[in-house]
Each structure stands twice: as C-alpha cells, then as structure tokens.
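I opened my notebook to go through this one piece by piece. Here is what I looked up, in the order I wrote it down.

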Amino acid sequence: MPVLPRDYDPAIVSNAVSALLVGYLINGGLFGMLCMQLYYYYFSFPKDALWIKLNVYFIIILEILQTAFSTYDAWSFFASNAPNLGVTYYIWLTVPCLGGVVSFICHIFFAYRIWVITSSKILPAIVSVVATCALISMSLAADRTRFVTTWDAFGTARVFILVGIGAISLFLCDLLIVIFMTYALRRSSSALHIPRTQRLVDRITAAVIETGLLTAMMAMLGMIFYVALGLSGSNCSPYFLLFFLPLTKFYSNAFMALLNSRKIHKDSVYSDHVSVPVTLRWTSQGDRSTTVHGSQTDCSDTRLQRCCSVSDT
C-alpha cells in the first residue's frame with residue numbers, strides 16, 4: 001500500500017510534515033506543563049470543593065487520552081510507515097472530539113463564575129449557548145470523519161461547515177468570556193478607591209484577558225488555515241493542525257493556570273493587606289468570614305484561597 005497518494009506535490013508533502021511535526025511537539029510540550037500545573041494544584045489546594053477537583057481530574061484524564069492517541073498518530077505518521085501522510089488515523093478523536101469536550105468544560109466553568117460574580121443569568125446563558133454550539137458542531141464533525149481515513153474527509157462541504165461553526169463558536173466564546181469577566185471585575189472594583197485592591201483586580205483582569213485571548217487566537221488561526229484546506233481540497237497541507245492539535249492543551253493549561261493563580265493572589269492579600277471587594281467573593285458553605293464596608297476583615301486560610309477565585313478560574 002503506498003504511503004502517499006500519487007498526485008501529491010513533494011512541496012506539499014514537506015509542508016504537511018512540518019505542520020504535523022510542530023503540532024505534535026507543541027502538544028507534547030504543553031502536556032508536560034499541564035503535569036507540572038497538576039502537581040502544583042494537588043499540593044496547593046487540598047481543600048478545594050469536590051466539584052472543582054472532579055473538573056480538574058476529568059480534564060487531566062481527557063488530556064492523557066488525547067496525548068496517548070496523538071503519540072500513536074505521530075508514530076504512525078513518521079515512524080512505522082514514514083511518511084504515511086495520506087491517512088488521518090485518530091485525528092477525528094484528538095482534534096474535534098476531545099477538543100470540543102475539553103473546551104466545553106472550561107467554558108461552562110467560566111460561565112458559572114460569571115454568574116457568581118455578576119448575579120446575571122443572561123451573560124452566562126449566552127456563554128453556555130455558544131459553548132454548546134461549539135460542542136455539538138465539533139462532535140458532529142468527529143462523527144463524520146470517524147470512519148474516513150483520508151484528508152479528503154476534512155475537505156467535504158458538511159465537515160467543513162461543522163468544523164467552521166465549531167471554531168468560530170470557540171473564538172466567540174473566548175471573546176465573550178474576556179469581555180464579560182473584564183466588565184464584571186472592573187465594575188465590582190469601581191466603587192472601591194483602595195489602590196491595593198485595584199492593583200489586585202488589575203492582575204486578575206490581566207490574567208483573564210491573556211488566557212482568553214490566547215485560546216481565541218489559536219481557534220481563529222486554526223479556522224483560517226482550515227478555510228485554506230477547504231478551498232484547496234486535498235492539495236492543501238494540513239497546517240490547521242498546527243493550531244488545532246494542541247488546542248485542548250491550551251484550554252486545559254489556561255484552566256489550571258487560573259486555578260493555581262489563587263495561590264499568588266492569596267499571598268498578595270497576606271503581604272499587602274489587600275481588601276477584597278464583597279462582589280468578588282466566592283464563599284463555600286459554612287464560611288463565617290465577615291465584611292465591613294465592602295472589605296474583608298476576617299477570613300480563614302480556606303477563605304483566602306478562594307478570594308477572587310471567581311475571576312481567577
């Protein structure tokens with residue numbers, strides 16, 4: 001069985017090898033970063049709520065599966081029958097399927113936090129609807145490409161539309177989260193004229209913007225290069241995988257980084273005696289901390305770990 005179609009241009013084959021190789025290298029490197037973040041989270045937040053831990057460990061399990069199947073694909077592409085670029089192997093699972101699930105979990109988590117900090121049902125509902133649209137589109141695309149082992153499957157009109165809708169939905173969802181969270185944080189701190197508190201909110205806002213724009217940029221770049229594949233058919237190298245392959249890792253790393261950043265903010269509260277706005281609080285059941293004029297005056301270690309976690313995660 002030939003490893004490459006006869007009509008493939010050698011230049012396109014070279015580009016495809018470059019795109020796949022770089023994509024798998026980035027995916028593997030980000031998995032290493034994710035393992036370090038899990039290690040930090042495990043020892044820093046042993047008292048986190050059970051539902052947060054379930055979200056964290058479920059995402060880790062999905063990422064382990066994604067990395068395992070991606071490694072198998074890389075071996076099949078470059079080692080066992082190298083260069084076997086005419087077959088897609090488990091791309092349907094590692095990109096649209098698991099990518100859609102991981103991004104959906106992260107987006108719903110952010111939607112919940114938007115609801116907590118704003119008490120608005122409309123804003124998180126918008127985020128949830130867009131996230132659900134992305135999940136459905138990606139799942140349908142994975143189902144359409146599951147039994148087709150060539151790149152031509154990704155160039156069909158139906159799959160092209162489904163992946164396009166999914167990528168645009170991911171992009172819009174990330175932008176909406178950045179906009180809503182930034183607006184909520186700035187509004188919650190506008191009534192307080194305490195420089196240290198405002199500096200803390202600025203750091204939180206910057207973290208939300210950086211992670212949100214990073215994932216939005218990856219989704220949009222993947223979409224742009226996927227449009228090139230759709231317009232050019234099977235003669236276009238799969239450069240979209242350079243951005244779509246590690247996309248799940250970008251979401252999971254952003255998710256874990258914002259969870260772990262609570263440790264930094266807690267240390268800032270201790271060292272700078274920063275007053276935390278009441279509207280930023282996310283209290284657990286049984287929390288007995290008190291507030292005076294919008295600032296926290298007495299809080300336990302657990303309470304401090306959760307201060308500003310509405311925006312941090």
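**Entry 1: a loop residue**

I began with Ser 119, which counts as exposed because its relative accessibility is 61%; buried means under 20% relative accessible area, exposed over 50%, and partly exposed in between (1.4 Å probe, protein chains only). Ser 119 sits in the loop between α3 and α4, where helices (H or I, at least four residues) are DSSP runs numbered from the N terminus. I noted its positive phi of about 60 degrees, although Ser 119 is not a glycine. Most residues other than glycine have a negative phi.

**Entry 2: ground rules**

I am working with a predicted model, where local features need pLDDT of at least 70, side-chain atom pairs count only at pLDDT 80 or more, and totals for chains, interfaces and linings use all residues. Residues are numbered from 1 along each chain as its sequence is written, and side-chain values use heavy atoms, with hydrogens and water left out.

**Entry 3: annotated spans**

I checked the UniProt record: its unreviewed entry gives "transmembrane region" for several spans, including residues 160–185 and 206–227; such annotations may be inferred rather than shown by experiment. Residues 160–185 are 100% helix, with end C-alpha atoms 37 Å apart. Residues 206–227 are also 100% helix, and their end C-alpha atoms lie 31 Å apart.

**Entry 4: Ile 136**

I found Ile 136 in helix α4 (residues 122–145). Ile 136 counts as partly exposed because its relative accessibility is 48%. Its C-alpha atom is 7.8 Å from that of Gly 166, 30 residues apart along the chain.

**Entry 5: a nonpolar patch**

Which residues make the nonpolar surface patch? I listed Tyr 39, Tyr 42, Phe 43 and Tyr 57, covering about 490 Å²; patch residues have over 30% relative accessible area and no salt bridge, and nonpolar side chains are joined within 5 Å. Helix α1 (residues 10–44) gives the most, with three residues. Tyr 57 belongs to helix α2 (residues 50–80) and is partly exposed, at 31% relative accessible area.

**Entry 6: cavities**

I counted four cavities of 30 Å³ or more (sets of points on a 1 Å grid where a 1.4 Å probe fits but cannot get out; lining residues have an atom within 4 Å of a point). The largest cavity holds about 130 Å³. Of its 13 lining residues, the closest to the centre are Phe 110, Asp 174, Thr 211, Gly 212 and Thr 215. Helices α3, α5, α6 and α8 each supply at least two residues of that lining.

Technical notes. Patches are made of residues with over 30% relative accessible area and no salt bridge: like charges are joined within 9 Å, nonpolar side chains (Val, Leu, Ile, Met, Phe, Trp, Tyr) within 5 Å. Accessible areas come from the Shrake-Rupley method with a 1.4 Å probe; for residues, only the protein chains shown count as cover. A salt bridge is a side-chain nitrogen of Lys or Arg within 4 Å of a carboxyl oxygen of Asp or Glu. On a 1 Å grid over the protein atoms alone, a cavity is a set of points where a 1.4 Å probe fits but cannot get out, and a pocket is an open set with protein on both sides within 12 Å along at least five of seven lines; lining residues have an atom within 4 Å of a point. Grid points are joined across faces, edges and corners, and a volume is the space filled by probe spheres set on the points.
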